[in-house]
Amino acid sequence: MTDLKPGSVVFENIRKDFGAFTAIPDLSLTIEPGTLVTLLGPSGCGKTTTLRMLAGLEHPSSGRILIGGRDVTMTPAHERDVSMVFQSYALFPHMNALENVAYGLESSGYNKREVRERAEEGLAQVGLGGMGHRLPAELSGGQQQRVAVARALVLNPQVLLLDEPLSNLDARLRRKVRTEIRELQQRLGFTAVYVTHDQDEALAVSDRIVVMKEGKIAQEGAPRVLYEEPVSEFIADFMGEANVIPCEVLSREGDVALIDVGGLQHRLPARQSSAGKAKLAVRPGSVVLNPDAGGGLDGEILTSAYLGDHVEYEIETPVGTFFVIDHSVDRSLPAHTRVSLGFRNKGLALIES
Amino acid sequence: MKNGNKRLNALIGIGLAAFVFVPWYRVDSGFFAFEWISRFPFNADLAPGLLQIALEGRIWLTAALALFLLGCCARFMSDADARGKLLVASGVAGIIFMALQGLAITFIGWSWALPETLFGPLSIGQPAMGAGAITISLIFVLFIAFGLAERGFMKGDAFVVGSISVLIFLVTVFIFYPIGSMFIGSVQDFDGSFKPDGLISNIQDPSIWSLDCLIGGNRCGVAWRTLFLAVMTGLGSTLLGLCFALVATRTNFPFKKGLRLLTVLPIITPPFVIGLALTLLFGRSGVVTEALDTVFGIEPSRWLYGLTGIWIAQVLSFTPISFLVLIGVVEGVSPSMEEASQTLRADRWRTFWRISLPLMKPGLANAFLIGFIESMADFGNPLVLGGSHGVLSTEIFFAVVGSQVDPSRAAVLAMILLSFTLTAFMAQRVWLSGKNFATVTGKGDSGAHAGLPKSISLTVHGIVVPWMGFTIVVYGMILFGGFVKTWGLDNSLTLEHYARAFSIDIQDGALVWSGVAWDSFWTTMEIALISAPLTAAVGLLTAYIIVRQKFAGKNAFEFALMMSFAIPGTVIGISYIMAFNMPPIEMTGSALILVACFVFRNMPVGVRGGIAAMSQLDKSLDEASLTLKANSARTLRKVILPLLRPAITAALVYSFVRAITSISAVIFLVSAEYNMATSYIVGLVENGEYGIAIAYSSMLIFVMITVIAGFQLIVGERRLRRENRVSGLDPQRKIRFSQEKTA
Ligand SMILES: Nc1ncnc2c1ncn2[C@@H]1O[C@H](COP(=O)(O)OP(=O)(O)O)[C@@H](O)[C@H]1O
Ligand SMILES: [Mg+2]
C-alpha cells in the first residue's frame with residue numbers, strides 16, 4: 001500500500017428519487033483529500049443512499065459527482081476508484097479470507113504473484129497475517145470486519161467508503177475497532193467517508209462531521225463545533241443530550257449576547273440571534289447545581305439517579321424541566337430538594353427557533 | 001471509456017467477419033456440418049453478405065451494411081452522450097431493417113404488395129437468414145444495448161443491458177413471432193394470400209362452439225368440452241391435492257415419506273403414460289374390464305375413451321402437482337392463528353372452517369388454476385384416450401396431420417386454446433397477487449398446527465388411501481406391462497418387447513444398436529443434454545435480472561417471460577411450424593427447432609427456481625463484488641453462480657427431464673432425422689403396439705430416476721459440506737441455501 005493517492009470528493013446539486021419518493025432533494029458537499037468525513041443522521045435520512053451514489057451502486061437522478069477531480073456520475077461501480085466496506089461486510093462465504101482480499105486485485109488484472117503478495121500484505125496490515133486460509137464462517141465478528149476493511153484497502157482506492165462498519169460488533173469491540181480504523185486512516189492517509197447513526201462514534205473518528213436530516217445537510221463541521229455550537233434543536237439533540245429551553249436575548253454587543261432565562265442572566269456568543277425571544281440549548285453537564293437556594297434559576301429536583309461516576313437529575317424550573325448530569329457524586333441530592341441552577345461558560349448555544 | 005471501446009472493437013470485428021467470412025443465407029446442409037467451406041465464397045447460395053451485394057444483386061443488403069458502418073463510427077467519437085445516441089439509433093434502424101427485409105423479401109421476391117408498388121418488382125428473392133444475417137441482427141441488438149449503457153442506462157452496466165436486450169430479442173423471435181405468425185397464418189391461404197374466409201367459417205364452426213348438449217342435443221363443441229374438462233380436472237386435482245396435503249401435514253399418517261415421493265412422479269412420467277396404463281386396466285381388453293366380464297358378466301364398453309377417461313388420467317397426472325403447491329400452503333398457515341382461534345373458544349371444526357380453510361383460499365385458487373392450465377395444455381392423455389373426439393389440443397393436431405389438412409382451422413383452435421390458458425394465467429397473476437395469506441415469515445413461528453376435526457380426518461384418509469392404492473396400481477401397470485405378451489389376449493410373461501426395443505448386437509466385432517428404440521432414444525438424450533444447460537442458463541440469467549436489477553418495464557419483461565409457461569405445447573408446436581418453415585427463419589426438421597422449443601418452454605421454471613434461490617442471497621454480496629472492480633459478468637460467474645449451485649442443478653435436472661417427457665410441442669416438430677422418444681412411443685400406441693410402448697416408457701422413467709438420483713447424490717453431498725462449513729457462524733451472517741423443489 002505504497003502508492004496511495006487520496007482523492008477529493010465533490011457532490012454537486014445531487015438529487016435522488018426512488019420513484020415518486022425523493023430521498024435526497026439537493027445535496028452539495030466537498031470532501032478534502034486525506035480526511036475522514038462522517039455522514040451522521042437518524043435512520044432513513046439518506047446516508048447510505050449518498051454513500052451508494054459515491055460507490056456507483058445508485059445513480060443520481062440529477063447533479064454531478066466528482067472523485068479526484070474526475071466526473072464519475074455515469075461511471076459504473078466497477079470502474080470507479082473507490083472501495084466500500086459494507087454494513088454486513090458482504091464477505092463471499094465460499095472464499096477464504098485471502099481469496100476474499102485477493103478478489104478485487106484479480107478483477108483489476110494484477111498478475112498472480114502480485115495478487116498473492118498484495119493480498120497477504122493487506123491481511124497483515126489489519127493484523128490477520130496467519131488467517132488467510134480461514135473461511136469467513138470461521139472468523140469472529142471483529143476479524144470478519146477487518147477482512148472486509150483489508151479487502152477494500154488493498155485496491156488503494158482514492159476514497160474508502162464505510163457504511164456503519166461497526167454496527168455488527170458488540171459495544172466493547174466497537175470502541176476498539178473504531179480506534180483501529182481511525183489509526184489506519186491516519187497512518188495511510190486515505191480519504192474516507194464513514195456512515196454512522198451513532199454520534200459517539202462520529203465524534204471519535206471524524207475530521208469533519210456532516211449531519212443529515214431528511215436528505216439535507218443539517219450542519220457540517222468539526223466534531224467540537226457540532227457538539228458545542230449546534231445551530232438547531234435537531235443538532236443539539238442529536239449530538240448528545242441537550243436541554244432546549246426558551247430564553248430572551250436582552251442585548252447584543254458585537255459577538256456577545258446577554259440573555260435572560262427565567263431571571264438568570266448569562267453572556268454567550270451571539271451567533272445569528274437578535275434581541276427578543278430565542279431558544280437556548282444547554283448540555284446536561286453545563287448546569288451548576290447550588291443546594292443553598294438563591295441567586296440563580298430556582299428549581300425542585302423531581303428524580304435523582306446515582307450512576308457510579310455521576311448523578312443524573314431531573315429538575316423542574318419555571319422555564320421547563322432540566323436534565324442535569326452532576327459529577328460531584330459525594331453530594332448526591334435526594335428528590336424534592338430545592339436547588340438553584342447556574343450555567344457554565346461552555347456547552348451553551350443559542351439555536352435557531 | 002476504455003471498456004466501452006474494447007467491447008465495440010469486438011462487435012466491429014465480429015460484424016465485419018459476418019459480412020465477409022460466413023454465408024449470409026441459410027446453408028441447406030446445415031451450417032455446423034461445415035460442408036459449405038469447400039464451395040465458399042463464390043457459390044451463389046453460400047456467398048457472404050458482401051458478395052451477395054456485389055455479385056448476386058441483392059442490393060438491399062447495402063442498407064444493412066451502411067447501418068452497421070454507421071454504428072461503427074461511434075467507436076471513434078469521444079463524447080459519451082453522442083456515441084450512445086448514434087449506437088442506439090443505428091442499432092434500432094438496423095434491427096428494424098433486418099426484420100422488414102427478411103419478412104418482405106422471400107424466395108420469390110417481394111412477399112408484400114406495398115413495397116412492390118413502391119420500388120418495383122425484384123429480379124431476385126432471398127432464402128432464409130443464415131449465419132451472417134443472424135450475427136448482424138444480434139450485433140444490431142448489442143449496438144442498442146451498448147449505446148444505452150454508455151448513456152447511463154442500468155448504471156452503465158453493459159453486461160446487464162446486453163443480457164436484457166438479447167433476452168427480449170430471443171423471446172420476441174421464439175415466442176411472439178411464432179404466435180404472431182400463427183395469427184397471420186389463420187387468415188392466409190396455402191400460397192400466402194390473404195383469405196379470411198377460413199378464419200371466419202372456422203370461428204363460426206358449430207363443432208367448436210355448439211351448446212347442443214345443454215338443450216338435449218348429443219354433444220357440445222370442442223371448446224366447451226375442453227373448458228368443462230379443464231374445470232373438472234382443476235377441481236378434482238385441487239381437492240385431491242388438498243386431501244393429500246392435509247394428510248401429509250396434519251395427521252399421523254404412517255406413510256408420509258411415500259406421499260412426498262408422489263410429488264416426483266409427474267416430473268418423470270411422460271404425459272401419455274397414465275392414459276396408456278388406464279387403457280391396460282379399463283380399456284376394452286383391459287384387465288379389470290375382462291375380470292368384470294367373466295365374474296359379473298358386465299359387457300366390456302368403451303366408456304374410458306372419452307372425457308371420463310381423460311379426466312381420470314389427468315387427475316391422476318396432476319394431483320401430485322397440486323399436492324406440491326398445497327403442502328406449502330397448508331404448512332404456511334401460521335399455527336399461532338389456529339392457536340389463537342382455539343383460545344377464543346373455537347373447537348377444531350370451527351377453527352378449520354373459519355380460520356385454516358379461509359387462509360388457504362388463495363392457495364387453493366392457485367392450485368385450481370394450475371390444474372386448469374395443465375389440463376388445457378395436456379396432449380398425451382387425450383391423444384391416447386380421446387381418439388378423434390378429443391379436446392382442443394388434439395383437434396389442433398389432427399387439423400395439421402389429419403386427413404384434411406387445414407392450417408387455418410388449426411390456428412383458430414390454437415388461438416381459442418391460448419385465450420383460455422392466458423385468461424387463467426392472467427387471473428392467477430392479477431387476481432391472486434398480493435392475496436397470499438400464507439404467513440411464512442422469517443420469524444420462527446413456534447406452536448403446533450391444530451389437528452384436523454375427526455370427521456374431516458376420516459374423510460381425507462378415506463380419499464387418500466384408495467387413491468394412493470390406485471396410483472400404485474397404475475404405476476405398477478407401467479412397470480409390469482412391458483413384460484406381458486399381448487394385453488387381454490395372451491397374458492404370458494415375456495422379454496420380447498424389451499428385446500425388440502433395446503437389443504444390441506455384435507456384428508463383425510462392432511456394436512450395432514439394433515433395437516427399434518435406440519434411434520429416437522439417443523436423439524432424445526442428445527437434444528435433452530443440449531437444451532438443459534441452455535435452459536438453465538437463460539432461466540437463471542433472467543432470474544438474476546429480475547431479482548437484482550431495476551429498470552422501467554421490468555414487470556412487463558417478467559410477465560412476457562413467464563407467460564410462455566401458459567402457452568400450451570400444442571400451440572407452441574403449431575406456431576413453430578407455421579413460423580419457421582419459410583424465410584426469414586427456417587428451422588423445421590432440424591435439431592435446432594427442438595432445442596429452441598425446449599429452452600423457451602421450460603425456461604420459466606428455471607426462472608422461478610432462480611428467483612427463489614437468488615432472493616436468499618444478500619444483495620450486498622454482488623455489490624461488494626462490483627465495488628471490488630469486478631463487472632457484473634464476473635460477479636455472476638465468481639460470486640453468484642457458486643452460491644447458487646443447488647438451484648442450478650435443479651434447473652438442469654428439470655429441463656433435462658422435461659425435454660425427455662414432453663410430447664405436445666414435440667410431436668409437431670420431430671422429423672425423420674430427429675425423432676424423439678415420446679413421439680415415437682405415441683406412434684407405437686397408434687399402431688396398437690402397447691407392449692413396446694410401455695416397455696420404452698418404463699425405460700425412460702428408469703433413466704430419469706437414475707439421472708435425478710445421481711444429481712441428488714452429488715448436490716446433496718455438496719450442500720452438506722457447505723453447511724458444515726458455514727455452521728458455527730453467528731446466525732445472522734449465515735447464508736441459507738434453500739433446497740430447490742424440482743417442480
Ligand atoms: N431502493 C430504494 N427504493 C426506495 N426507497 C429507498 C431505496 N433505498 C432507500 N430508500 C429510501 O430512501 C431513504 C434513505 O434511505 P437510506 O439512505 O438507506 O437511509 P440511511 O440514512 O438510514 O442509510 C429512506 O426513506 C429509504 O426508505
Ligand atoms: Mg443505512
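In chain A of this predicted model, strand β9 (residues 208-213) and strand β10 (residues 216-221) run antiparallel and are joined by five bridges. Strands here are DSSP runs of E with at least two residues, helices are runs of H or I with at least four residues, and both are numbered from the N terminus. Two strands are taken to pair if DSSP finds at least two bridges between them. Two residues lie between the strands β9(A) and β10(A), and E214(A) takes a positive phi near 50 degrees.

Residues are numbered from 1 along each chain as its sequence is written, and chains are lettered from A and ligands numbered from 1 in the order in which they are written. Local features need pLDDT of at least 70, side-chain atom pairs count only at pLDDT 80 or more, totals for chains, interfaces and linings use all residues, and side-chain values use heavy atoms, with hydrogens and water left out.

An open sheet of five strands in chain A has the order β13-β12-β11-β14-β20, with antiparallel pairing. Strands β13 (264-269) and β20 (348-351) of chain A stand at the edges with a single partner strand each, so one side of each has no neighbour in the sheet. From one strand to the next, the twist averages 45 degrees; axes are lines fitted to C-alpha atoms, for helices over the stretch in contact, and angles run from 0 to 180 degrees between N-to-C directions. Strand β14 (residues 276-282) of chain A is joined to β20(A) by four bridges, and the two run antiparallel. A281(A) stands opposite A349(A) in β20(A).

Five strands of chain A also form an open sheet in the order β15-β19-β16-β17-β18, again with antiparallel pairing. Its edge strands, β15 (287-290) and β18 (320-326) of chain A, each pair on one side only. Neighbouring strands of this sheet are turned against each other by 40 degrees on average, direction ignored. Seven bridges link strand β17 (residues 311-317) of chain A to β18(A) in the antiparallel sense, and G320(A) in β18(A) is the bridge partner of T317(A).

Chain B is divided into domain 1 (2-151) and domain 2 (517-690), with bounds from an automatic or database domain assignment. The C-alpha centres of these two domains of chain B lie 27 Å apart. Nine residues of domain 1 of chain B are in contact (heavy atoms within 4.5 Å) with four residues of domain 2 of chain B. P41(B) is found in the loop between α1 (2-20) and α2 (49-54) of chain B. Not counting residues up to four places away in sequence, P41(B) touches A47(B), P48(B) and L51(B). The C-alpha atoms of P41(B) and P23(B), 18 residues apart along the chain, are separated by 7.5 Å.

A cavity is a set of points, on a 1 Å grid over the protein atoms alone, where a 1.4 Å probe fits but cannot get out, and lining residues have an atom within 4 Å of a point. Nine cavities of 30 Å³ or more are counted by this rule. The largest cavity has a volume of about 240 Å³, where volume is the space filled by probe spheres set on the points, which are joined across faces, edges and corners. Its lining has 17 residues, of which L57(A), K155(B), D157(B), Q549(B) and L626(B) lie nearest the centre of the largest cavity. Helices α23 (518-548) and α27 (619-627) of chain B are the elements that give two or more residues to this lining.

Notes: On a 1 Å grid over the protein atoms alone, a cavity is a set of points where a 1.4 Å probe fits but cannot get out, and a pocket is an open set with protein on both sides within 12 Å along at least five of seven lines; lining residues have an atom within 4 Å of a point.
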